[in-house]
Amino acid sequence: MEAMPCSERRSAPAAGRQLRFSARDGERSPSPESSDGSCSGSNGGPCTEPPPAAPPGAPLKLLPMNDQIRELQTIIRDRTASRGDFVFSADRLIRLVVEEGLNQLPYTECTVTTPTGYKYEGVKFEKGNCGVSIMRSGEAMEQGLRDCCRSIRIGKILIQSDEETQRAKVYYAKFPPDIYRRKVLLMYPILSTGNTVIEAVKVLIEHGVQPSVIILLSLFSTPHGAKSIIQEFPDITILTTEVHPVAPTHFGQKYFGTD
């Protein structure tokens, strides 16, 4: 049950782009990119159109796009990038996602005294937050979360595909004992089909966690993956940097050096 002092928070990006999927919506991407990575607008020229608008509270939130984020995405997707450059870029992008994820958590007002004796009206985290990483690739995001919240509790879930049925199966789950009272930052870098995350959320629900207090932190998502998760759990929040039909599924292998 930890709270983080006001002085330990660093600035984060402004509120991100949002996109809502419903059962009747098509699989829309916030950037009109083709599956081969090329980029074009509706008239066939360069991408200059803004992402589609979404109502406040939409369950899918994207970081505001800028050249820095686009460069990090490019390095991570580049098959010729060295592992050192890949990990460095991934850690930077993870930090940006974590920072924005923390912006989604509730704060309360607080008053501190400055070294010169003046009172400063600030804010601090409400108590009761934790992280949960979906092993193994989700563990790549743990350090980024600890860099922002030094004492935060982190649980783990191990989910793998059954060799016979090819269905996601939970092999291990370890959470803080009072996780049902906490808001959860669920960490999983790549949302491809969404099946692994769906199983992880089901495990959290079994431990008393409501989907409405789960914020899923990811780096890349396919339209299908995001849509599947939101249709299964409409109250969950997904925060990512990109929705694209082709996700960098090599992320975990290259990050941990097992490719």
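Modeller: Before we start, one term is needed: two residues are in contact when they have heavy atoms within 4.5 Å of each other. Please also keep in mind that this is a predicted model.

With that in hand, look at Leu-219, which, when its neighbours within four places in sequence are left aside, is in contact with Leu-93, Ile-94, Val-97, Met-141, Tyr-188, Pro-189, Thr-240, Thr-241, Glu-242 and Phe-251. Leu-219 belongs to the largest nonpolar core, which has 33 residues, and it is listed with Leu-93, Leu-102, Leu-145, Leu-217 and Phe-251 as the residues that touch the most other members. Two or more residues of this core come from each of helix 1 (67–77), helix 2 (83–103), helix 3 (142–148), strand 8 (183–187), strand 10 (214–217) and helix 6, and helix 2 provides the largest share, with nine residues. Apart from this core there is another, of 29 residues, and Leu-60, Leu-186, Ile-229 and Ile-236 are among them. As background, nonpolar side chains tend to be buried together in soluble globular proteins.

Ile-229 leads us on to helix 5, where Pro-223, Gly-225, Ala-226, Lys-227, Ser-228, Ile-229 and Ile-230 are buried. Because seven of the ten residues of helix 5 (residues 223–232) are buried, this helix is largely enclosed by the rest of the structure. The cover over its buried residues includes strand 2 (60–62), strand 9, helix 4, strand 10, strand 11 (220–221) and strand 12 (237–240).

Of the 29 lining residues, Ile-159, Gln-160, Ser-161, Tyr-188 and Thr-196 are the closest to the centre of the pocket. The lining as a whole divides into eleven nonpolar, 13 polar and five charged residues.

Finally, consider two cysteines, Cys-148 and Cys-149, which are both buried, with relative accessible areas of 4% for Cys-148 and 8% for Cys-149. Their sulfur atoms are 6.0 Å apart, which is too far for a bond, because a disulfide needs the two sulfur atoms to be within 2.5 Å. The structure holds zero disulfides.

Conventions
Residues are numbered from 1 along each chain as its sequence is written. This is a predicted model: local features need pLDDT of at least 70, side-chain atom pairs count only at pLDDT 80 or more; totals for chains, interfaces and linings use all residues. Side-chain values use heavy atoms; hydrogens and water are left out. On a 1 Å grid over the protein atoms alone, a cavity is a set of points where a 1.4 Å probe fits but cannot get out, and a pocket is an open set with protein on both sides within 12 Å along at least five of seven lines; lining residues have an atom within 4 Å of a point. Ala, Val, Leu, Ile, Met, Phe, Trp, Tyr, Cys and Pro count as nonpolar, Asp, Glu, Lys and Arg as charged, and the others, Gly among them, as polar. A nonpolar core is a set of buried Ala, Val, Leu, Ile, Met, Phe, Trp, Tyr and Cys residues joined through side-chain atoms within 4.5 Å. Buried means under 20% relative accessible area, exposed over 50%, partly exposed in between (1.4 Å probe, protein chains only). Helices (H or I, at least four residues) and strands (E, at least two) are DSSP runs, numbered from the N terminus.
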